[in-house]
Amino acid sequence: MAQLRLSGLTKSYGSVHALRGIDLEVEDGEFFVLFGPSAAGKTTTLRVIAGLEKPDGGTLTVDGHDLSGVPVKRRDMAMVFQSFALYPHLTTFQNLAYPLREMKLRRAEIDSRVRETAELLRITHTLDRRPASLSGGEQQRLAIGRAIIRRPRLFLFDEPLTNLDAKLRHDMRAEFKRLHREIGTTTLYATPDQLEALSIGERVAVIQHGRITQVDTPDRLYARPVDRHVASLIGDPPINLVRGTLKPSSAGAPAIELPFMELDGDRWREGLQALESGTELLVGIRPHDLALVDDGAGGVPATIEITEPQGDITILDLKAAGVPLRMVVAEATGARYTAGDSVHISLAGADTRLFLSDSGTMVA
Amino acid sequence: MARKRREIGKAGWRRTAFSTVISFIYFFPVLWIILTAFKSHTDALSTPPKFIFTPTLENFANVFARAYERGGAAVDTHFDLFFFNSIFIAGASVGVALIIGTIAAYGFSRWPLKGNETYLFIILTTRMLPPIIVIIPIFIMFRLSGLSGSYIGIILLYAAFNLPFTIWMMKSFFDEIPREVEDAARMDGSSEMKIFFRICLPQVKAGIAATAVFGLILTWNEFLFALLLTGRDTRTVPVAMAQTIGGDIGVRWGLLAAIETLFLIPVVIVTFLLQNQLLRGVTFGTIRR
């Protein structure tokens, strides 16, 4: 059990700035996700916390104790690596027993804990085998097993599911939730997969170019991204960002001029107040917020460029007044259209967000 | 074995036959020597060479004890000692080179110095010139330090010969081990010592075997330095073999062939024992992941 606090953590490799000041607070027992594209600094952050890398600056405390100068083995943390990093020359049993042997536990204790952990992760049948002969899922569970068997105060998971196939990844996500419920240890989990981040994190920190841009619950991250970058990282298919200009409408209420329509700005009145008319904006429209409407019902005309059936839904790639848009429709609806068809669309839903065109920060 | 047979099957009998012929051509000189070892003195000298003859073990007996041309009692040739010397010196020098070289290679791989590549290059340059160039300084150094004729001298020298190769070879094996595996051990509470011995060394077993075989063969066959730097009691087989040529017994081809045949056995055994590791060693990194 541990509360983790990072402040102003920096780390460079030569001229590459991996971390540019990371501030983070992870509560005791929390399942916290570090989400960001590859090379954003996730792995470096975890390695600095683990003590495998020395930070150039900033502080790192667990339960209020400064960890600088505390060697790796005394930090009492366990890490699951992206490559699993199993000991290839040792059997499953020996892999699991390794950390316990380092703790100098008695044989009987080691034996019972290994079996208990193998049971929990359903790898008992592999105890006498070496990692090379295990399936991907078994290797993964073994890597987790080696981490949890020590009962450390903090777990660090570095993209543990990236090397697995899609089906297995889905199963393992549930597994992580189950494990966390059973063990309850504070967990920091890094992933480049937004689906993973949103589905297993209690709170998610978005990390980009070595900086944390937003820390929030998954639903707020989706609904209220702080800037256009976070907005485009979260949500699948990704959000449509359309250039628009702020202009006062005839009635004096704000309106946003998009290439294909004029958007009533009343909904964002508070946020727009401070802005001058003529300000360039980016309008973030979720693909789920676009709908097809009957011809002549006042919709915006658009042409279908590509249809991408996904099974239950179909993604339509449209062009409206030269602007590419992506929308999602039910499979049955999507099946009625092919590339080149003309349709009419309307904007529904309240998740449309406005961002400043130059800085990308959210306005409303 | 089962796997080998299947592979032969896969290549097809034509190709198998073809490679058998080629192998036979390459192996022919060795075969000639082995046959000669079993020939009597007259058979060995006959032209054209005889391929069908009555085999004799006389030559092998003569290796260890023989009577001189003009008769008299058989004299101990001390060849048992020379064989022991060859085995001991090769084994010990390769052992020393492996111990030092493996640790050095791990250092070069995991704790690179400033200018790591330069150091590695410098180490390799020691093998770039023909050894004969340095023979005079080494001879004088050995004389002055009293290492001439001692086991320790020749063992150290051979170890030094083998070191560059060992370091380079072992470094590439250590480079292949993902660092994350070591980090995992670090997090599991292992000291750096333990990481080296318990985690890294077992993973480069194949590399150690491959390096050992190459080193053994090199040392085993070395003649020049052994000739100059070993004494009567530390003489190795190649030197002793050369000294049986000439003198009052003339060139006894059968005897020489017998020595060579015996000389082949240890290398063949070691290579055979390590062949699985050797194959893995040579193909290391090409099949993993």
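**Notebook: strands, helices, domains and the chain contact**

I began with the strands of chain A and found that four bridges join S11(A) to strand S12 (residues 254-257), the two running antiparallel. The model I am reading is predicted.

I then looked up the pairing of S11 with S14. Strand S11 (residues 240-248) of chain A pairs with strand S14 (residues 280-285) of chain A in the antiparallel sense, over six bridges.

**Helices H2 and H3 of chain A**

Next I looked at a helix pair. Helix H2 (residues 92-102) of chain A packs against helix H3 (residues 107-120) of chain A at an angle of about 130°, and their axes are 10 Å apart. I recorded the crossing of H2(A) past H3(A) as right-handed.

I listed the residues on both sides of this packing. H2(A) brings A:Phe93, A:Leu96, A:Ala97, A:Leu100 and A:Arg101, and these meet A:Ile110, A:Arg113, A:Val114, A:Thr117 and A:Ala118 in H3(A). Sorted by class, the contact has seven nonpolar residues, one polar and two charged.

**Domains of chain A**

I turned to the domain assignment, which divides chain A into domain 1 (4-233) and domain 2 (240-356). The C-alpha centres of domain 1 and domain 2 of chain A are 39 Å apart. How many residues of domain 1 of chain A are in contact with domain 2 of chain A? I found six, and they meet six residues of domain 2. Helix H8 (residues 228-233) of chain A gives the largest share of the domain 1 side, three residues. By class, I have that side of domain 1 of chain A down as three nonpolar, one polar and two charged residues.

**Domains of chain B**

I repeated the look-up for chain B, where the assignment gives domain 1 (2-76) and domain 2 (79-282). Taken over C-alpha atoms, the centres of these two domains of chain B are separated by 29 Å. Their contact takes 16 residues from domain 1 and 14 residues from domain 2 of chain B.

I asked which helices supply the domain 1 side of this contact in chain B. Helix H2 (13-37), helix H3 (41-45) and helix H4 (58-64) of chain B each supply at least two residues of it. The largest share, five residues, comes from H4(B). On that side of domain 1 of chain B I noted nine nonpolar, five polar and two charged residues.

**Chain B against chain A**

Last, I looked up the contact between the chains. I found 13 residues of chain B in contact with 17 residues of chain A. On the chain B side, helix H9 (179-187) and helix H10 (192-203) of chain B each supply at least two residues. Which helix gives the most to the side of chain B that touches chain A? I have H9(B), with six residues. The side of chain B that touches chain A has six nonpolar, three polar and four charged residues by class.

Notes
Residues are numbered from 1 along each chain as its sequence is written. Chains are lettered from A and ligands numbered from 1 in the order in which they are written. This is a predicted model: local features need pLDDT of at least 70, side-chain atom pairs count only at pLDDT 80 or more; totals for chains, interfaces and linings use all residues. Domain bounds come from an automatic or database domain assignment. Two residues are in contact if their C-beta atoms, placed from the backbone, lie within 7 Å. Ala, Val, Leu, Ile, Met, Phe, Trp, Tyr, Cys and Pro count as nonpolar, Asp, Glu, Lys and Arg as charged, and the others, Gly among them, as polar. Two strands pair if DSSP finds at least two bridges between them. Axes are lines fitted to C-alpha atoms, for helices over the stretch in contact, and angles run from 0 to 180 degrees between N-to-C directions. A crossing is left-handed if the near helix is turned anticlockwise from the far one by less than a right angle, and right-handed if clockwise.
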